[in-house]
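Here are my notes on this one, as numbered points.

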Amino acid sequence: MNWRSKDIWIEFLRGSRKTSNFFWSFILFLGSLGFLVVGTSSYLDKNLISVFPSQEILFFPQGIVMSFYGIAGLFMSSYLWCIIFWNVGNGYDQFNRKKGIVCIFRWDSLD
């Protein structure tokens, strides 16, 4: 949503609460959870996911690497969820042509 007059133009910014951010953080969470479960099932030598035969994956080195990617993905997913929760980037930009002033304002959501 934008507001425009002859001299002043205000552009409102939604921030990080977009549908695409919700989608990608959820997909990243599910993928990293899958990697972590497969790495754990290769360590336990049990088939925790019935679709994927985990007995074919050795714990060293494939299971360790899959567990590492799962943990790293969970950290990245939690980072994205925190950015969405705090709504980083929400605010507006104001352009005043008459005075030649640009005002960039972002809401401080940590208070």
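1. Arg17 sits in the loop that joins strand 2 (8-13) to helix 1 (19-44); helices (H or I, at least four residues) and strands (E, at least two) are DSSP runs, numbered from the N terminus. This is a predicted model, where local features need pLDDT of at least 70 and side-chain atom pairs 80 or more, while totals for chains, interfaces and linings use all residues. Residues are numbered from 1 along each chain as its sequence is written, and side-chain values use heavy atoms, with hydrogens and water left out.

2. Setting aside neighbours within four places in sequence, Arg17 is in contact (heavy atoms within 4.5 Å) with Phe22, Ile84, Phe85 and Asn87. Its side chain reaches the backbone oxygen of Phe85 at 2.7 Å.

3. Arg17 is partly exposed, at 44% relative accessibility (buried is under 20%, exposed over 50%, partly exposed in between; 1.4 Å probe, protein chains only).

4. On to the rings: there are 9 aromatic pairs, counting Phe, Tyr and Trp (its six-membered ring) with centres within 6.5 Å; planes under 30 degrees apart are stacked, over 60 edge-to-face, the rest tilted. Phe68 and Tyr69 have centres 5.9 Å apart and planes at 50 degrees, so they count as tilted. Phe68 is exposed at 55%, and Tyr69 partly exposed at 48%.

5. Phe105 and Trp107 pair edge-to-face, 4.9 Å between centres and 85 degrees between planes.

Methods: Polar contact = N/O pair within 3.5 Å; in protein donor to acceptor, adjacent residues only side chain to side chain.
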